[in-house]
Amino acid sequence: MSVTLNRDMFLATEPEIDVTQFHKVKLDLPYAQQSPNQILDIWYPDEGEGPYPLVILFHGGGFGTGHKRSFYISSMAQPVTQGYAVATVEYRLYNEAIWPAQLIDSKAAVRYLRANAKELNLDPDKFAVWGNSAGGCATQLLALTADDPEMDDLSVGVQASSRVQAAIAWYSVNEFISCEQFSVDTAAQREESGSATGMVPKDARGKDSALTKVLGFHPLLYPEKAAKASPLSYVDENCPPMLLQHGKADLIVDYHQSVYMYEKVKQICGEGRARIDLFDGEPHGSAKIKANDNVEKCIDFLDHIFWEGKNPYRKPLKELKVVGQGS
C-alpha cells in the first residue's frame, strides 16, 4: 500500500517554515523503516560549535493532521535562535496507523537522535521535548515512560535510551476518559472562539471523536485501555522537569487536563518538579501562548535546566520565516 507523505497532504493548509533561514540543517532523516513518514529534520543554531542541547518538537493536529515543518510550530522552534538545536519529528497519523503507532514513532525518533548524537553534534544528556495539543500528549508520555519496554516497540528503529531531561506541553490531553467525557466543544463554539477541530462527538460535523479515531476504540467504553494510553497513569518519581501551559477558555481540550497532570506530579514528586501556567480567556491554539513573551518564558525554563540559567546565546526573539509569507 502506498503511503502519502503528511507534508504533501497538509502543506496547502499548513504552510511550512522556511528551512533556508537556518545556518545548517539535516532534512528528512529516516529514524525507522515502517513508513516514509518516519522522518525528522534537525535545524542548528548559528552560534556555538556543539555538541548542542536539543529540543525535539512534536506538532499537534489531533494525531490526524499536520506535518513537521508546519508554520503552527514556529513559536516552538524559536530555541534554534537561542543556542539550541531543534529536531522536528514527522510521525504516522491515524489515517495510516492507529495508536500506539504515534507513541512508538516518538520513542523511535528520540532513540535515533541519541544513538547518533555524536555524528549529529548533539549532547545526548540534554534532550528536551516540546509539543502542542496532540504533540503535547506525546511529549508527556515520552517524559513519563522513558525506557519502559511495555510502552515501546524496540523492533522499530535503533536501540538507545528514549529518556528525556525536560518536557514542555501546550494545551495537551493527559487523561483520555475525562477528556472525552467533559469537553463541551461544538462547531458553533469552535468558530466563535477561533479554535480548531473538536476532539469529542458533541460536534455538528461528525459523530466520531478524534480520540476514538486515533485510539481505535471509544475511551468511555474501554476505560482500562484508555487509562493505559493516558500520560497521567505513568507519573512516578522519575518524572523530569515539566512545564504545562493551557488556556482556560479551551473548548477542545479542557484546561483541567493540565491541572490533573500538575497535581499528580506535585503529589508524587513534590513542589517544583512541574510548573503550570494557565491563561484566562485563551482558546486552544492560543496566540498568547505562542507569542514571543511567553516563548521567552519557555526558553527560560529550558535555560534553567541546561545552562543553569546562564545561556550565553540568548538574544531577542525574531519571527521565523514561513515560505510564501514574506521575510
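Is Arg275 buried or partly exposed?

Let's work it out. Arg275 has a relative accessible area of 32%, so this residue is partly exposed. The cut-offs are: buried under 20% relative accessible area, exposed over 50%, partly exposed in between (1.4 Å probe, protein chains only).

A quick word before going on: this is a predicted model, where local features need pLDDT of at least 70 and side-chain atom pairs count only at pLDDT 80 or more, while totals for chains, interfaces and linings use all residues. Residues are numbered from 1 along each chain as its sequence is written, and side-chain values use heavy atoms, with hydrogens and water left out.

**Exercise 1.** Find the salt-bridge partner of Arg275 and say how accessible that partner is.

Step 1: a salt bridge is a side-chain nitrogen of Lys or Arg within 4 Å of a carboxyl oxygen of Asp or Glu. Step 3: Asp277 comes out at 18%, so it's buried.

**Exercise 2.** Describe the pair Asp28 and Lys68.

Step 1: their closest N and O atoms are 2.7 Å apart, a salt bridge. Step 2: Asp28 sits in strand β1 (residues 24-30) and Lys68 in the loop between β3 (52-58) and β4 (85-89), so the bridge ties together parts 40 residues apart in sequence. Strands here are DSSP runs (E, at least two residues), numbered from the N terminus. Step 3: Asp28 is partly exposed at 38%, whereas Lys68 is buried at 2%.

**Exercise 3.** How many salt bridges does the structure hold?

The count is 15.

Definitions and conventions: Helix = DSSP H or I, 4+ residues; strand = E, 2+ residues; numbered from the N terminus.
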